[in-house]
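Dear colleague,

I am handing over the structure below, followed by notes on what turned up in it. Please read the notes with the coordinates open beside them.

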Amino acid sequence: MSTPTRTEVSSLGEFGLIDHLTKNVELQHASTILGIGDDGAVIDHFGKQTVISSDLLVEGIHFDLTYTPLRHLGYKSVVVNLSDIYAMNAQPTQITVNIAFSNRFSVEALQELYEGILSACNKYGVDLIGGDTSSSNKGLLISVTALGEVAPDQFVKRSTAQKGDLICVSGYLGGAFLGLTLLEREKRIYLENPQVQPDLENEAFIVGRLLKPEARKDIIQYLEDQQIKPTSMMDISDGLSSEVLHLCKQSQLGCRIYEDKLPIHEDARRAAFKFGLDPTVCALNGGEDYELIFTVRQDDYEKLTLQEEISVVGYMADLDEGHKIISKGGNTFDITAQGWKAF
Ligand code: ADP
Ligand code: MG
């Protein structure tokens, strides 16, 4: 087997590295007036409003390179930011990327990271317009800032849900947490016995949910096509329980969620049982699904049923009715943001 080439970052220097990583960047948006190469980028959203969102990802805290390919990490760092822009009912247009890395990382490794970043930019049609590059004493840090545009005052906040509105979620919940559980388990086995090769073949769904999340551009498009404007919205990065409580708190309302309405994929359900976990608990408390949660007026219900990727899971209630989930057996439990293990 030939050893892969390893080019030290020091051989290119900082500017050489930036050139190398960004030489294939092509700008697509008329709103990008000036991209990489100057002290600042210039954008003009031509009368639209600009939405901005940032995330910071730290090795060992937010990702583990033992089982995360750099390409996937690059892709995911962009997607999680775009998810925030869509959650504001806006269209992402540009990103900036800041990275800091120790000398453990070669030019080839950083290039892989950028292949993932640029692949996400292509897929979602956003321009990479700048960033910053630094060395770090230990590990890898990635910070992405996404900019988006929205027609004046068409952005959707968390605080504007109304009593009686339907609570909707996109896609499936709990899969990413189960993917993480599996990979952490396989990592432990591998560290104890490096001869054992992990068998992830039957678990492509949950592993994919963790390592290759997508942002729900399609759902925002669908809502626009159907002329449904959500009354409130956010993305699901910390689990449904936590996020629904955010919507409720900021809108000063209570809620009802129905266990039997939670969208749980068959593969996730099977994996949960294999690990001795309750699929409902995974769907409520597992993080990193990057789906959308939003509320709509009851009049919009008919239009929602046309889209099978949207599930109505409950409704907003008065604040004094509390925050409750109704189990399949008809029992009522309080929704708590953490450690909810009632079933
Ligand atoms: P400054 O000295 O102002 O920090 P740099 O030399 O770091 O400027 O950056 C030069 C250009 O390259 C700028 O346009 C900057 O936005 C861009 N850039 C720097 N680092 C990155 C990166 N990691 N990814 C994308 N663009 C970058
Ligand atoms: Mg710089």
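Which residue forms a salt bridge with glutamate 291? The partner is arginine 216, and the closest N and O atoms of the two are 2.9 Å apart, where a salt bridge is a side-chain nitrogen of Lys or Arg within 4 Å of a carboxyl oxygen of Asp or Glu. Because glutamate 291 lies in strand E10 (residues 291–296) and arginine 216 in the loop between H5 and helix H6 (217–225), the pair ties together parts that are 75 residues apart in sequence. Helices (H or I, at least four residues) and strands (E, at least two) are DSSP runs, numbered from the N terminus.

Before going further, please note that this is a predicted model, in which local features need pLDDT of at least 70 and side-chain atom pairs count only at pLDDT 80 or more, while totals for chains, interfaces and linings use all residues. Residues are numbered from 1 along each chain as its sequence is written, chains are lettered from A and ligands numbered from 1 in the order in which they are written, and side-chain values use heavy atoms, with hydrogens and water left out.

Both glutamate 291 and arginine 216 are buried (under 20% relative accessible area, with exposed over 50% and partly exposed in between; 1.4 Å probe, protein chains only). Through shared partners, salt bridges join Arg209, Arg216, Asp218, Asp289, Glu291 and Glu309 into one network.

The whole structure holds 21 salt bridges. One of them links the side chains of glutamate 149 and lysine 48, at 3.6 Å from N to O; since glutamate 149 belongs to strand E6 (residues 140–150) and lysine 48 to the loop between strand E2 (42–43) and strand E3 (49–58), this pair ties together parts 101 residues apart in sequence. Glutamate 149 counts as buried at 18% relative accessibility, whereas lysine 48, at 40%, counts as partly exposed.

As for the sheet, seven strands form an open arrangement in the order E8-E10-E7-E11-E9-E12-E13, with mixed pairing (two strands pair if DSSP finds at least two bridges between them). Strand E8 (232–236) and strand E13 (332–334) stand at the edges with a single partner strand each, so one side of each is left without a neighbour in the sheet. Strand E12 (residues 323–326) runs antiparallel to E13 and is joined to E13 by three bridges, with isoleucine 325 opposite phenylalanine 333 in E13.
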